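Hi everyone, thanks for coming. Let's look at a structure together, beginning with the whole and ending with a single residue.

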Amino acid sequence: MNKLLKVITLSLILSIFSQNVQAKPQANEQIPVLKQDDIHQVVAKRVTNFFTQSHYRNFSLDGAFSAQIFDRYFKLLDGNKSIFIQSDVDGFRNRQESLGQELIDGNLTTAYDIYNLFLKKRYDRYQYALEVLQRPMDFSANDEIDFNREEIAWPTSENELNIYWNKRVKYDELSLSLSGKNEKEIRNVLSKRYNRVLKTIMQSNNEDAFQVFMNAFAREIDPHTSYLAPRKKRDFDSEMSLSFEGIGATLSQQDDYTTIMSFVTGGPAEKSKLLSIGDKIIGVGQKDSAIEDVIGWRLDDIVDKIRGPKGTVVKLEILPVGNNSNSKVIELTRGKIHFEDREAKLKIVDNQRGRVGVIEIPSFYIGLTEKVQTLLLKANKENLQGLIIDLRDNGGGSLAEVITLTGLFIDSGPVVQVRDNLQNVITYDDRNKGIEYTGPLIVMINRYSASASEIFSAAMQDYGRALIVGETTYGKGTVQTSRNVSYPVDARLHPNWPELGGAQYTIQKFYRINGGSTQLKGVEPDIEMNKVKYVDETGERFLDNALPWDKIPSADYLTLANIKPLLPNLESQHLARISKNSEFMYIDEDIKRFNDKKGRQYIVSLNKKKRELEQKANDERDLTRMNERLKKAGLPSITKLDDVPKDYKQPDPYLDESIEILLDFAPNYPKIESNKFISKTISFNSPIKKAD
């Protein structure tokens, strides 16, 4: 899967981590047969209406598009082609063209029939894995496993799948063997792991099937359209605001128990002093209700019971860490939890050549501009040579935030243009006079910088306001909106309805103020950071249903500075530095080694001696590099990687070099004048949308 999609996939609010658990289903247990809930008919109809009536892409839910949804559904269920065989898929082919009408009617019979088969087949596969696990382990053969199976044909028989699963179990066994475990330990660990999957299958519910199918529909329209089940909708809202309401604990599952892994600083759980890391939660209740036993529950169901509105009370039955017999009940008042670690941050770097400020922006969350404005007030007092905005791995966020953030660095003028499905073009301007920071500016980007990051980078580049350094960005040039599936009137007409979730879908494409689109092409840096480029398939252009590239006329704007004449000299100085920089030599070596494996990146040997030699070579290379770093830092060398000092900080060569480029750039950067240098009151001139 493309890394960005992993980066922008919404995480659960309480940071859920699944661990191994020994919980083999009993012989008399039946795999659940899922069916559509009544409320899903309402949701399916409404979401289908949103997508067909309001999406940027014009499409028809005809037979051809229905067939594409059919293929996408199977791809989402079994993208690695390790569960279904060709006859399973062919068995539903006669119904593939009816999926569009089923969506319109809200009757998803075919989707549930396919999902129920998926559950049975997946259950059978992990039962087979447990059988394979009992065989003698032999890692001497020269076979290998290829995990890149998306483009292969569906297996034609169960025996063909068995061959793959034999290798898959062997891969799991070998990985544990290489970590030093013996056969008994390996079987114990993998038995728990596979049985945990079996138990998860037994706990499947109707919503699981519904959201996978609705997202097969959504993702067939474009890669950034999705149905947000009620839980996912809450997570999405929390991601955008960097806050949620609950107790502020990170949970995981271990051996059927929900265990506390960490606390959010300042949250109710930490402040209460009633809980400890390692405590097990065995029961949950509300203020005026009995406590329910939650041992063996799905973790997301437990999370739902624990979180709730600020000021309300949750009761937890706890097995204290180290105590497996005597439980206790505690009460916590839920509060509003803020993810401070994911806010924008400023750090001051004192280089031998000068002082530089670095503002790291992980995402374009609601409230970002006000935070950065505060950071700029601090930066302006630090006598800086220049400022770096670090947008590496920033997958985007609020369109309104990127417009106002850009306004902190320009006096006024257009920031981005958008075009809707009626071909209407709107230009969003910075209307707040004045500039918060007028000094030399660099924006750092990489191939995972996307959407709102690309809007900001492109505007800074088009105005000549900043030097853009790094890699060409991801190439996502579309704007999404998020809306609730429920209507305001539902609360009055249907007070007993559950939450209906939300829908996120593409409504516009955005364009640079120079008229160009970043869709597929991304933003190219003024200075490429590496001499060697990756040849992997990262970026919007590699997604099979991405919207096309195009362009529109330029907006009316004036550049603030012409920095192009400075680029040849800056690039020459950059290349001279990195040619002597060991960290960049390491990076180039790693990229070349990755590129040399093109077509075989996902193929892994199942021969233990070969894997040991590969691991030994990797460890020796990493140890040599680490000792070279330690020597430069004036620290003693080490004999194994485990001995790296705990307080040692790995270098960030890209940031270090960006600072050097900035210090080359600063003396020649023309002074930026503002018409009215004042502290602005931030106002939002556009509806909140997500450029991500």
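So, the protein has 20 helices and 22 strands; these are DSSP runs, H or I of at least four residues for helices and E of at least two for strands, numbered from the N terminus. Its radius of gyration is 27 Å, close to the 26 Å that the globule rule gives for 692 residues, so the protein is as compact as a globular protein of that length. That radius is taken over C-alpha atoms, and the rule is 2.2 Å times the number of residues to the power 0.38.

Before we go on, a word on the source: this is a predicted model, where local features need pLDDT of at least 70 and side-chain atom pairs count only at pLDDT 80 or more, while totals for chains, interfaces and linings use all residues. Residues are numbered from 1 along each chain as its sequence is written, and side-chain values use heavy atoms, leaving out hydrogens and water.

How much of the protein is buried? Buried residues make up 53% of the 692, where buried means under 20% relative accessible area with a 1.4 Å probe, protein chains only.

Now please find Arg-629, in helix H19, residues 608-632. Arg-629 is buried, with a relative accessible area of 13%. Leaving aside neighbours within four places in sequence, Arg-629 is in contact (heavy atoms within 4.5 Å) with Glu-583, Tyr-586, Tyr-648, Gln-650 and Pro-651. Asn-581 is 48 residues from Arg-629 in sequence, and their C-alpha atoms are 11 Å apart in space.

Note on methods
Buried means under 20% relative accessible area, exposed over 50%, partly exposed in between (1.4 Å probe, protein chains only).
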